[in-house]
Amino acid sequence: MSRERALLLGGVACVPILWNWMRLEDPSSAGRAAVLVLLALAPAAVMNQRLRFAAAAAALAIAGGTAFHVPLGLHYPGRVAARFWNGFLEFYDVKLPFAPAQHPHMDGAILIAVFIFSALAVLAVCERRPALAGTAVLIGAGWPATLLRGSELLRGAGILAALLVLFAGLRRRPDVSGRAVLVGGAIVLAAVGAATSPALAKGEFLHWQTWDLHVPRVKPVSVSYVWSSDYSGLNFPRKTTVVLQIKAPKRPQYWRVTPLPYVVDGRWIDRPSFSASGDAGLVPASATDHSNWVEQQVTVEALRDNRLPAAEVPMAFDASGLGLMHFDSVGVAYVERSLHSGASYKAWSYEPEPSPQELARSRAVYPPAITLGRLYLELDPNRSAPTFGTPDREIVLGKLFARDARLRTYKPLYEMARSVAGGARSPYAAAVALESWFRTGGGFAYNQHPPQTRGKPVLVDFVTHTRAGYCQHFAGAMALMLRYLGIPARTAAGFSSGTYDKGRWTVTDHDAHEWVEVWFRGWGWVPFDPTPSRGGVAGEYSASSPAFNLAVAAAILAGKDGLKAFADRRVGLGFPDTQTKFSADIRLSRDPGRVTLTDDQPSAAPSLLRLLVLLLAALVVLIAGGKLALRRARYLTGDPRRLAAACRHELHDILVDQRIEVSPNATVAELAALTQAELGVETAGVGMHATVARFAPPAYAREAARELRSSVRRLRRSLRQELSLWERARGLLSLRSLGLS
């Protein structure tokens, strides 16, 4: 085949490949991509087969450096491969089309794809292999065509036309007559017509877009066991795993995954129902005002679930990069595939912040969704309690207990609810009384392995006898007791706030939690948390909140919207047994407003204890500071060999501080391999760069030393992610690496 013919047919093959890949960028890197296409065409100008393949290999090396801005050198292959893989994985997280300036690795991956498919097609053309050339064009142009919709018929026609030209041009005696052109055009038009016909057009045979090749940094974990409502005990994994990173305001949040509105024999469950019913009519008018919404940017680190967590109460999501999304009747957002590491989305939530006075004034007037639907007053399937304030509601409940044997076993729970909050004059008074009783006044203890119950319902035994349990027990019991009092309630599952730093909340699997949501007229669903020692909502209305004001709550519970005979039960509800003190300008005959307890009592903390705490803190600072200073001092050198020695010292110290036996004569490569095997972090780069820095010629050693610093920084980040907080603290304070233990 002549050089001109090979270049012409190679150019025809490259055009649809370049066109389809460049659609994925906005603005596109068409100029750089065109240069790489010309580079892919260059081997077609070489007639000798061996020299042609050598030219293609050289062109590939140039293309990799051009695409990823990597100079040729010792570390060229590793850098190009790593950046290509990172760019490939970003396609699972970034919406198309993307901006090349913001995602340079994705841009590099596209440029390499353009070059490789073009080069394969050109080499096949030069070898007169029409099937191979057509396959390269079909995959190279068809793959990106499936990633971004739009102009499908036009792009399909272009690919088909290029294939026909290749097959015709690679014949031994190519037909270049007008008749061949007309036949080819007719085939293209017929194919376009067939594609528009519903009778002939079919869906794809291989839905490859659902494949997930994303390699997670940490194995995803499921936390659904926390809210399974089996009450059999709670076993968190020994290792804490970060599951979410959420950019949101600093105000503490509860990250709700799903409400649990159904109760069956004391066990709270969800039943996804993708319908328009459910919470219709329960969303307050203020929740539809977008100015009342709080935005969150959620990044999934290692959560295995297909539901999208968001702050209470989620109203809207933007998860276009996660595929098709469904909403069930209570507002839970589902995606088709399980969430993967690096997945991100936006959520907007309505977070009501009522004051205690506003909730106390919220009347027990409920919409038809509650009074007729009865879902949020259901005590057991097809058994519902009358609403709060209904005349003769005790008589109605008595008849329910008499008719239903299983419900009758829960009568002690109802009687305890009446004992604690039966005298409430408002739903809020009942809710805060029960919450306070569970958290502080009722003698309850948080226990992840409570005594097993036999012969009676778990929640009844928990409230009347053991008074030991975890969030399932506390939330389940409070929500069911509220329903017995006629107050709409449900449990909710998700995560407590986590830790806040630099504008982000870090949420781990150990933050998985269950709490209570109570419906109030004018406010919608409002969270309460009865579990002691776990979490705490932000609103000052809740006894779990750091802003909860005992004086305000006492004034409300003693007032017209509070509890009957509150003064006789204040200690049992967790309030001080002495008269709550108000400032001189506050009178209980009026709305108390935001009042505070006086603090005229001196601190009882012993000065000796404070001294011991200060000495312990100073010792911790001395040990940690000394070790960090010694480590930094070792790296204060430009000598590659000294840097390699510093790296060996650091690997040795890390291992011995984690109580791992290390040979004193181990090489840096052996230490790196031992660190990877024992601690589960990637150390191949550290071992390789340290070895080169120590033994290679000066030019290569200096380059390896620069890479070694970066590898050590990555190793430290990996250790912070892989080791638990306890293991990191133990290593920081260990004296083994100092030779003092």
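## Salt bridges, patches and a helix

At 6% relative accessibility, Asp461 counts as buried. Here, buried means under 20% relative accessible area, exposed means over 50%, and partly exposed is anything in between (1.4 Å probe, protein chains only). Before going on, note that this is a predicted model, where local features need pLDDT of at least 70 and side-chain atom pairs count only at pLDDT 80 or more, while totals for chains, interfaces and linings use all residues. Residues are numbered from 1 along each chain as its sequence is written, and side-chain values use heavy atoms, with hydrogens and water left out.

**Charged pairs**

Back to Asp461: its side chain meets Lys456 in a salt bridge. That term stands for a side-chain nitrogen of Lys or Arg within 4 Å of a carboxyl oxygen of Asp or Glu. Lys456 is partly exposed, with a relative accessible area of 40%. How many salt bridges does the rule give? The count comes to 22. Here are three of them:

| Salt bridge | N to O distance |
|---|---|
| Glu727 and Arg238 | 3.3 Å |
| Arg383 and Asp404 | 3.1 Å |
| Asp461 and Lys456 | 3.9 Å |

Take the pair of Glu727 and Arg238, joined by a salt bridge. Glu727 sits in helix 24 and Arg238 in the loop between helix 8 (178-195) and strand 1 (242-247), so this pair ties together parts that are 489 residues apart in sequence. Helices (H or I, at least four residues) and strands (E, at least two) are DSSP runs, numbered from the N terminus. Is each partner buried or exposed? Glu727 is buried, at 13% relative accessible area, whereas Arg238 is exposed, at 68%.

Next comes the salt bridge between Arg383 and Asp404. It also links distant parts of the chain, with Arg383 in strand 12 (residues 383-384) and Asp404 in the loop between helix 11 (393-403) and helix 12 (405-408), 21 residues apart. Arg383 is partly exposed at 27% relative accessibility, and Asp404 is buried at 14%.

Salt bridges can join up, too: Arg79, Glu703, Arg706 and Glu707 are linked in a network of them.

**Patches on the surface**

A patch is made of residues with over 30% relative accessible area and no salt bridge, where like charges are joined within 9 Å and nonpolar side chains (Val, Leu, Ile, Met, Phe, Trp, Tyr) within 5 Å. Which residues form the positive patch? They are Arg709, Arg713, Arg714, Arg717, Arg720 and Arg728. Helix 23 (residues 698-722) gives the largest share, five residues.

Helix 19 (607-634) and helix 24 (725-733) each supply at least two of its residues, and the largest share, five residues, comes from helix 19. Leu628 has its place in helix 19 and is partly exposed, with a relative accessible area of 38%.

**A helix with buried residues**

Finally, look at helix 6 (residues 130-145). It has 16 residues and reaches 22 Å from its first C-alpha to its last, close to the 22 Å expected at 1.5 Å a residue. That expected span is 1.5 Å times one less than the number of residues. Which residues of helix 6 are buried? Ala133, Gly134, Ala136, Val137, Gly140, Ala141, Gly142, Pro144 and Ala145 are.

Methods
Accessible areas come from the Shrake-Rupley method with a 1.4 Å probe; for residues, only the protein chains shown count as cover. Lys and Arg count as positive and Asp and Glu as negative; His and the chain ends are not counted. The place of a charge is taken as NZ of Lys, CZ of Arg, CG of Asp or CD of Glu.
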